[in-house]
Amino acid sequence: MDVQINAALNGIKNLRASVSNIFETAITAEGTFLLEESIACVTQNFKETETCINNLNAPSVPFTLGNTSYLNYETDLEKQNMYNELVNGYKWYEKTHQYSAIASTLLQHNSLKRSYFSSSNKRRRLLTGAHTVPPKHVDHLISTFNVNNMQLKIYRPFATNAFLHINLSRVLKAAIILRGLMIEWVTVKGFNESLDNVDDHWSESRYEVFRRVQKAAHSAMLHFYSPTFAELAIRSFITWFGSYSTLFSEPCKMCGKHLLNALPPTHRDVRSLDPTHEECRK
Amino acid sequence: MGVTILVPYPLDNKKTGPEVVEELSKRLLAMQATQTGHFLVDGDVFESSFNKTKIHVMHNSEYPASVFSILDNGQKQIPLITDLIFDLLMLKVNPIYASRKQLKIESKGPRFELGDFLVKLGSVTMSQSQTFKGLLIEVDYRPCLIPIICWELIREFLQGFLGQYSPTTIPVYFTNSVPNPHHPVPYQKSNDTYQPIDTVQQYLEHFNNYRKQTIALMMGPNK
Ligand SMILES: [Zn+2]
C-alpha cells in the first residue's frame with residue numbers, strides 16, 4: 001500500500017516537473033521541435049500517473065485517529081493548527097524510538113561497564129574493586145612499565161589517587177588520572193604546553209592534533225577497561241598510548257600520507273597499533 | 001610556536017610579487033585556511049666603526065615584546081633575546097655602532113591559519129626606498145618542536161601548497177653541525193628543540209643573501 005502511494009506521488013511530481021518544463025521551453029522558444037518533445041513527455045508522465053492512481057484502492061476500513069479525532073470539534077481558530085503540530089510531534093517521537101533502538105543494540109555489543117553492578121541477585125560477594133587498590137601496589141605496578149621513549153612519573157596532589165604524567169619522546173605530554181588502578185581521565189597536551197598546575201588537567205590542548213589524540217585516548221580507555229583484569233587494562237592502555245611516539249613521523253597506514261585535513265594520523269588501532277587518519281579507518 | 005620552515009619562492013618574469021601573493025592567498029583560502037591579520041619581520045644592521053663586527057637587530061611580530069639581536073664578528077654569531085628597550089640602547093651606542101639604513105630589510109604580508117599550521121606570505125623589501133627583493137614563505141607547524149620528527153609532514157604540506165617550488169630536503173640551516181658545549185660530538189639543529197631565535201636566524205640568512213645580491217649588483221657596473 002505504502003509503495004503504491006509513493007509511486008503515485010512520484011508520478012505527480014514528475015508530471016508537474018514536465019509541465020513547468022514546457023513553459024520554460026516556450027519562453028526560450030528555440031524552435032517547435034523541443035516544445036513537441038516536452039509535450040510528448042507530459043503525455044507520457046500523465047499516462048504513468050493515471051495507471052499509478054488506478055492501482056490504488058480505497059482503504060476498506062476508515063483510519064482510526066484515536067483521540068486526535070476529537071481535535072475536529074475544536075472551534076478555536078488558534079488551536080486548529082494543533083493537529084499539524086501533533087503529527088510532527090508523533091514523527092519526532094517515532095524517530096527517537098528508532099534511534100534509541102539502534103543505539104541500544106550497538107551498546108549491547110560494546111559492553112563499557114565500569115562496575116560490577118548487576119541486577120541478578122543470585123550471588124553477591126564482595127570483591128576488591130580496581131578503584132580500591134592501595135597506593136603502594138599502584139606505584140609498584142607502574143614502576144614495572146617499560147615502554148620505549150616513554151617517561152613516567154607519579155604525582156599525588158589529592159591524597160591517595162595517583163596522577164600519572166607521561167612524557168612521550170619529545171612529541172607530547174599526557175596525564176592519566178587514576179582511581180586505584182582504574183583510569184578516570186586522560187589529558188593530552190603538546191610538548192611545550194603546561195601540565196604543572198592541577199587545573200591544566202581539565203583544560204584542552206591549544207592544538208587540534210592533541211585534542212584529537214585525547215579523544216582517541218578516551219575511547220581507548222573505555223575499550224581496554226575491564227573490572228576483573230585492572231592491571232592488564234592499564235598495561236594495555238599504556239602500551240597502546242606509547243604508539244603515539246610516531247604521531248608526527250609515521251604516515252597513515254591506509255592512505256600512505258602524512259596529512260589529511262591538515263592533521264597527521266591521530267588514530268591508533270587498538271590491536272595492531274597502526275596509525276591511521278580518523279577519516280581513513282575502515 | 002613550533003618548527004618553522006622558511007622557503008624562498010622563486011619568481012619568474014611572468015608574474016609580479018603581489019600577483020603571486022594573491023594567487024597563493026587564494027590557494028590557502030581554498031584549502032579552508034583563515035586569514036588572521038598580517039605579519040612583519042624586520043632586520044637592521046649596525047656596524048662597528050672600529051672593526052667589522054656587526055649587530056643584527058631584528059623584530060618578529062609573532063613576538064611583539066622581544067628584540068632579537070645577533071652579534072656577528074665574521075666567524076661566530078652570538079644571539080641575544082631582550083625586551084623592546086634594547087632598541088633605545090642601540091640608539092645610545094650610535095657613534096660606535098652606526099646603523100646601515102640602506103641595508104634594512106623587511107618581510108611582510110598576510111598571515112594564515114590552517115588547522116595547526118601557520119602560513120605567512122612575506123614580500124621582502126629593502127632600504128627606505130622599499131625596493132622589492134623577493135618572496136619568503138614561512139610555514140610553522142605549531143604542535144611539534146623537533147624539526148627532524150615532523151620534517152616529512154611539513155614537506156608534504158609544502159608540496160600540496162607550493163607544488164613544484166616546494167623544497168625536497170630540509171633547509172641547510174637545520175643540517176649544519178653546531179659545536180656542542182656539553183659534549184664533544186657536534187649536534188644538528190634538526191634534532192634540537194626549536195626556539196623562536198631559530199626563526200629569526202633563518203630570516204637573517206635569507207636577508208643576508210638579498211643584501212649580498214644587492215651589493216653585487218651595485219658593484220657590478222663599476223667593474
Ligand atoms: Zn589516511
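By contact I mean heavy atoms within 4.5 Å. With that criterion, in this predicted model, 18 residues of chain B are in contact with 17 residues of chain A.

Let me begin with the interface. The size of an interface is often given as the accessible area lost when the parts come together. Here, chains A and B bury about 1500 Å² between them, and carbon and sulfur atoms account for 61% of that area. Turning to the polar side of the interface, the rule finds 6 residue pairs in polar contact, both residues at pLDDT 80 or more. The count of salt bridges between chain B and chain A is 0.

Which element supplies the largest share of the side of chain B that touches chain A? That element is helix α3 of chain B, residues 147-162, with 6 residues. By residue class, this side of chain B comprises 12 nonpolar residues, 5 charged and 1 polar.

I now turn to the backbone of chain A. Most residues other than glycine have a negative phi. A:Asn149, which is not a glycine, has a positive phi, near 65 degrees. A:Asn149 sits in the loop that runs between α4 (135-143) and β1 (150-158) of chain A. With a relative accessible area of 49%, A:Asn149 is partly exposed.

The second residue is A:Ser169, again not a glycine, with a positive phi of about 45 degrees. Where does A:Ser169 lie? Its place is the loop between β2 (161-168) and β3 (172-179) of chain A. A:Ser169 has a relative accessible area of 23% and is therefore classed as partly exposed, since buried means under 20%.

Definitions and conventions
Residues are numbered from 1 along each chain as its sequence is written. Chains are lettered from A and ligands numbered from 1 in the order in which they are written. This is a predicted model: local features need pLDDT of at least 70, side-chain atom pairs count only at pLDDT 80 or more; totals for chains, interfaces and linings use all residues. Side-chain values use heavy atoms; hydrogens and water are left out. Buried area is the accessible area (1.4 Å probe) that two parts lose on being put together, summed over both. A salt bridge is a side-chain nitrogen of Lys or Arg within 4 Å of a carboxyl oxygen of Asp or Glu. A polar contact is a pair of N or O atoms within 3.5 Å; within protein, one must be able to donate a hydrogen and the other to accept it, and residues adjacent in sequence count only if both atoms are side-chain atoms. Helices (H or I, at least four residues) and strands (E, at least two) are DSSP runs, numbered from the N terminus. Ala, Val, Leu, Ile, Met, Phe, Trp, Tyr, Cys and Pro count as nonpolar, Asp, Glu, Lys and Arg as charged, and the others, Gly among them, as polar. Buried means under 20% relative accessible area, exposed over 50%, partly exposed in between (1.4 Å probe, protein chains only).
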